[in-house]
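Please open the model in your viewer and keep the selection panel at hand. The tour goes from one selection to the next and says what is found at each stop.

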Amino acid sequence: MSGAALLEVEDLTVELPTERGPLRAVAGVSLSLAAGRTLGIVGESGSGKTMLSRAVLRLLPHAARVTGRVRFEGRDLYAISREALRRLRGRELAVVFQDPMTSLNPVLTIGSQIAEALREHLGLAQAAAFARAVELLAEVGIPEPERRARQFPHQMSGGMRQRVAIAIALSCEPKLLIADEPTTALDVTVQAQILDLLAREQSKRHMALILITHDLGVVAGRTDEVAVMYAGGIVERAPTRALFKSMRCPYTQALMAAIPKLHAPPHTPLAAIGGSPPDPTRPPSGCPFNPRCRYAQERCRCEPAALTPPDASGHQYACWFPVGDPAAAEG
Amino acid sequence: MAGSGRAPLRQDPMLLSVENLVVEYGSGPYRVHAVSDVSFDVRRGETLGLVGESGCGKSTLGRAILQLYRPTAGRVLFEGADLTQESGEALRRIRRRVQLIFQDPIASLNPLRRVGEIVAEPLAIAGIGDGAERERRVRAVLNAVGLDADMVMRRRPHEFSGGQCQRISIARALVLEPDLIICDEPVSALDVSIRAQILNLLEEMKTRYGLTLIFIAHDLAVVKAVSDRVAVMYLGKLCEIGPAEQVFERPTHPYTSVLLAAIPLPDPDAPVPEALAFGEPPSPIAPPSGCRFRTRCPKAEARCAAEEPVMREIRPGQFVACHFATANGETA
């Protein structure tokens, strides 16, 4: 697999200095993604999913301490020059953020923002870039693209702005698109449209996609593989179907159980997870989920569990007493 | 008129009846039609879920019940007294019995005050009890919402997580032992694992304090988890209202079906959500003629532009405002 991988992340750790000491935002993450595939990264706030995606793009604050490796098409992104990195970002590696109002420039027209990427990376002339920008707006489903191209972000709705952000990200035909909570700020009927758009463009362009979300519902129908993050690390990773068929990590299972189900009768008590996620400057010893885990035993409190090697279906999990094992059932 | 008409109002005495409520603001060509002729009621002990997308007027409606926004027209009857006609001390007295919980748990707590003071403030404003009595009540309510009163009383909001701040907000809403609490997106800023804790807590508190709730949210599954009845709102109007289970299982308004179909289910074998309605809601400054949903409705016909559908009972207890709704319902 590693030979064909477009993106390879190896034992990546990101630490940020804070007044309370170093904050370990990403803790020893390894993953790989092949061209044209979709990886969903699921986690709650503070789980490290956004910091992981920023680390892949080398978009971290200067003070961040990064160890490990990120390879894109075999090139180590932390070894290449800033100039080489700049050519790569926006061209082959693109990103769509959660809030399109803050990621778009409020004082430039939509058309000129898309054209900027085309001129910078593809060397198109002004007029050609603008014409292509209008085409891209049409491709992402914006009606009256000619007129819209001359408008400013504040003249558009949230869904429209996210379409524009996607048009910018797609403008240079990237090989990898990272979408960080692209629909979290949007209403559910608009969310469905934006996710459809991403899926359509992805298959048309044979682009790899990392879809970062807190919503297990979003990854279920839209990804090939899922990685679940907790306290900076990947705790479970599997092909999407295999994961939903059997969740081995107590955290993944608890997260799934905590979601209100549409088919459950009203007033059904929810299976809440007690406590809160750990303070990232003071992680607990052993497995980071152990203080909240109903299956935790002595070993979980002392020794962190590493991801298991993939089983026949490609399923990996980091747990001493995985759900479904006889040893865990006793606890 | 789509979502208008008083058909959903029930006959027996209700804790709260909202009749033909209209809330508009701004003037001239920029007048915002936030709530347009909405009628519903809430029985004592019931939870009414109010769902809709951003900008549909659900939060404005919640605030207009409390007279935080003065309605343009219509009545809000709380135990028979019309709040739109009340002001000053009389209104303040009734407001003690109706409390509000907001979406952003951290922003809704004064960062300079200690938790004990924040939760005691409603008592101080209402002039209830002396210092010792207030402290006793504050401690009791903090313990009831799952916080250790001794630990939290002297601390300030920034020392707490979002979930804990929401517990403090709930304690503040409960301390006057109100009859009705309007919860405006109380869990949408919280993570999944914390959301479940807070929803369970609201359910417990409802039983323990004998509360009536209006639960405003955009997440249908969250609303269903706590509601007896559900009202679906679109662009200032009610589309459909009825028993929660019935509305979700057999929706009769196309918008309810569109919302249900758009929810991504955590099941890879479930059909991928379809975008059944295209585009986004039009502006409440210039809402469409006739049925307000018609510009995005997969079933709209010429009649929908010309004539506003009136609320009618389509199945026992379930009301809908759509020309084409049938008792067999939508195929969601």
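The stops below begin with a whole chain and end at the contact between two chains.

Before selecting anything, bear in mind that this is a predicted model.

**Chain A as a whole.** A compact globule of 331 residues would have a radius of gyration near 20 Å, and the 21 Å of chain A agrees with that. Of the 331 residues, 48% count as buried, and among the contacts in chain A with a separation of 6 or more, residues 24 or more positions apart account for 63%.

**The sheet.** Next, colour the strands of chain A and look for the open sheet that seven of them form, in the order 6-7-8-3-9-10-11 and with mixed pairing. Its edge strands, each pairing on one side only, are strand 6 (93-96) and strand 11 (316-317) of chain A. Now select residues 38-42 and 208-213 of chain A, which are strand 3 and strand 8, and follow the five bridges over which they pair in the parallel sense. One pair to pick out is Leu39(A) with its bridge partner in strand 8 of chain A, Ile210(A).

**Helix 4 of chain A.** Move on to residues 110-122 of chain A, a helix of 13 residues that reaches 18 Å from its first C-alpha to its last, close to the 18 Å expected at 1.5 Å a residue. Its buried residues, including Ile110(A), Gln113(A) and Leu118(A), pack against helix 5 (126-139), helix 6 (145-149) and helix 7 of chain A. Just after this helix, Gly123(A) takes a positive phi of about 70°.

**Where the chains meet.** Finally, show both chains and select the contact, which takes 42 residues from chain B and 41 residues from chain A. On the side of chain B that touches chain A, helix 7 of chain B gives the most, with eight residues. The residues of that side divide into 25 nonpolar, eight polar and nine charged.

Methods
Residues are numbered from 1 along each chain as its sequence is written. Chains are lettered from A and ligands numbered from 1 in the order in which they are written. This is a predicted model: local features need pLDDT of at least 70, side-chain atom pairs count only at pLDDT 80 or more; totals for chains, interfaces and linings use all residues. Helices (H or I, at least four residues) and strands (E, at least two) are DSSP runs, numbered from the N terminus. The expected span of a helix is 1.5 Å times one less than its number of residues. A residue is buried if 20 or more other C-beta atoms lie within 10 Å of its own, exposed if 12 or fewer, and partly exposed in between; C-beta atoms are placed from the backbone. Two residues are in contact if their C-beta atoms, placed from the backbone, lie within 7 Å. Two strands pair if DSSP finds at least two bridges between them. Ala, Val, Leu, Ile, Met, Phe, Trp, Tyr, Cys and Pro count as nonpolar, Asp, Glu, Lys and Arg as charged, and the others, Gly among them, as polar. The radius of gyration is taken over C-alpha atoms; the globule rule is 2.2 Å times the number of residues to the power 0.38.
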